[in-house]
Amino acid sequence: MHSHESHIQNFSILMQLILVLPFFISLISYIVAVYYSNQHKKSWSHLRTVSWILGHLCAIITLIGPFAELTHINFSAHMVGHLLLGMLAPLLIALAAPVTLLLRTIPVKMARPISRILRNSYFSFVRNPIIASILNLGGLWLLYTTPLFNMMHESSLLFILIHVHIFLAGYLFTIAFIYIDPTPHQQSYIFRSIVLLVALTAHSILSKYIYAHPPSHVPTEQAELGAMIMYYGGDAIEIGLVYLLFYQWFKKTRGPLSTKFIPSS
Amino acid sequence: MYEEKKHKHENRYQYGQQNLWTGLLFGLGVVAFIDEVIFHQLLHWHHFYDKSTANIGLVSDGLFHAFSFFATIGSAFLLADLHRNHGFWVKRWLGGIFLGAGVFQLYDGIIQHKFMRLHQIRYNVEILPYDLVWNVLAAILIIIGIVLLIQTNHQKY
C-alpha cells in the first residue's frame, strides 16, 4: 500500500497540465483550420472533424481528471488508459487526416517546404513499418518487463516522457500501416500486412506475459484483469486497423479478369 | 433466371485457387472464433493462461490469435473480390472452409494443447475422451474438405 500513496503524491496537477496542453492546442488549431479553409475550399468532411475530436477526448481523459488519477493506482485502469492513449486516440487522429488539412489551409508557398520536410529520409525511416513497430512494441516490452514501470511512477519527468512516447509511437505505428494523409515512399500491402501480423502477435504475447509475470508492486488480480483488457481490448482496435488496411488494398486492386470480362450471350 | 445465375459465376474456373484460399482462411478464422467464444467465454473450459504453458506456446497462441482475425477479415475481402470478378465457386469455397477449420482444430488439439501445453480442453476431468472427440472431429472436417476440393479440382466442365 505504501507505493500507492507515493504514487498519488507524485502525481501533480502540473504534470497533467503539461501532458494535456499540446492536445488542447492541436484540438483548437484543427477546428480553426477547418473553419478557415472552408471559406475558400470545398467543405471539409465532418466525419474527419468528429474523428479528430473523439481522438483528442480519448487522450485527454487518459491524461487529466479522475480517470487519469485512477490509472496511477490501478493497473486495470492503467491498461484501459494504454488502449485509449496508445491505440485508439492515434487511430482516430490519423483518420482525421491532419497533414492534408494543414497543407490545404496554409498558403502554397508555405506548404511546399513542409511537404519537402515530410518527404525527407528521417520520416521515411521511422515510418517504415518495421521501425515503427519496434518503436511501439519495443517500448511496451521495455515498460512492462523491466523496472521501468515502477520508475515511471517515482519520477514525473519519466512519466511525461513515457506518455509522450506511447502516444507518438502509437500514431507513428498507425500511419506506418494505414495511409490516410499523403504518404511518400509507400510500402506494398503484402509487406505491411506481414509486419502488422507480427506486431499484433507481439502485442498478444506481451498481454499473456504480463498475466503470468506482472510488473512488481502490481496485485495479481489487477494484473490478470489488466492483461485480459490488453489482450481483448487490443483486439477490438486491431480489428479496425486490419479492416482499414485490407479495405484500402481491396479498393486499389482490380482483378485482371474484371476488365477483360465480356458477357457471353 | 438460370442464365443470370450462371453469368454471375462464369469466371469461377479461373479463380479456383482464390476460392480455395478464401475458404481456407475463413475456416481458420471461424474455428478460432468459435474456440474463443464457446470454450473460453461461455463454458470457461479453456483457461486464458495455464501455468504449464511453454514459451513457444505463448508465441504460437499470440500468432494464431492475431492471424485468426487477419484471416477472417482478409477472407471477407477476398470473397468480395471473387464476386466482383464473377469468380465465386461455392462448392470449392466450402471445401476450403472445411479444410481450414479442420487443420486449425487439429493443430490446436494436438500441437497447442498437447505439445505446447497451452491449456487443456477442460480441467478436473478425465481428459482423454475430450481430446479424442476434439481431434476426431478435426479429422472429419479435413476429410470433408479434401473430398470437396478433389471434386472441384478440374479445370474445365
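1. Residues 93–112 of chain B are 100% helix and 0% strand, and the end C-alpha atoms of this span lie 27 Å apart. Helices here are DSSP runs of H or I with at least four residues; strands are runs of E with at least two; both are numbered from the N terminus. This is a predicted model: local features need pLDDT of at least 70, side-chain atom pairs count only at pLDDT 80 or more, and totals for chains, interfaces and linings use all residues. Residues are numbered from 1 along each chain as its sequence is written, while chains are lettered from A and ligands numbered from 1 in the order in which they are written.

2. The span 93–112 has a record behind it. An unreviewed UniProt entry lists residues 20–43, 63–81, 93–112 and 132–150 of chain B under "transmembrane region". UniProt positions are given in the numbering used here, feature names are shortened, and annotations may be inferred rather than shown by experiment. Residues 63–81 of chain B are also 100% helix and 0% strand, with 26 Å between the end C-alpha atoms.

3. Chain B as a whole has 5 helices and 0 strands. Its C-alpha atoms fill a box of roughly 60 × 25 × 25 Å along the principal axes. Of its 157 residues, 39% are buried. Buried means 20 or more other C-beta atoms within 10 Å of the residue's own; exposed means 12 or fewer; partly exposed lies in between; C-beta atoms are placed from the backbone. Among contacts in chain B with a separation of 6 or more, 90% join residues 24 or more positions apart. A contact requires C-beta atoms, placed from the backbone, within 7 Å.

4. Chain A has 14 helices and 0 strands. Its C-alpha atoms take up a box of roughly 75 × 45 × 35 Å along the principal axes. Buried residues make up 34% of its 265 residues. For chain A, residues 24 or more positions apart supply 79% of the contacts with a separation of 6 or more.

5. Now the interface. In total, 23 residues of chain A contact 25 residues of chain B. On the chain A side, the elements giving two or more residues are α12 (189–212), α13 (220–252) and α14 (256–260). Helix α12(A) gives the most, with 9 residues. This side divides into 15 nonpolar, 6 polar and 2 charged residues. Nonpolar covers Ala, Val, Leu, Ile, Met, Phe, Trp, Tyr, Cys and Pro; charged covers Asp, Glu, Lys and Arg; the others, Gly among them, are polar.

6. A:Leu200 lies in helix α12 of chain A. A:Leu200 counts as buried because 25 other C-beta atoms lie within 10 Å. Not counting residues up to four places away in sequence, A:Leu200 touches A:Glu238 and B:Ala66. A:Asp235 is 35 residues from A:Leu200 in sequence and 8.6 Å away, C-alpha to C-alpha.

7. The largest nonpolar core holds 88 residues; among those touching the most other members are A:Leu91, A:Leu241 and B:Leu28. Helix α5 (residues 75–95) of chain A gives the most to this core, with 13 residues. Such a core is a set of buried Ala, Val, Leu, Ile, Met, Phe, Trp, Tyr and Cys residues joined through C-beta atoms within 7 Å. Leaving aside neighbours within four places in sequence, A:Leu91 contacts A:Thr174, A:Ile237, A:Gly240 and A:Leu241.

8. A:Ile13 belongs to helix α2 (residues 13–38) of chain A. A:Ile13 is exposed because 8 other C-beta atoms lie within 10 Å. The C-alpha atom of A:Ile13 is 8.2 Å from that of A:Ile64, 51 residues apart along the chain.

Technical notes: Contact = placed C-beta atoms within 7 Å.
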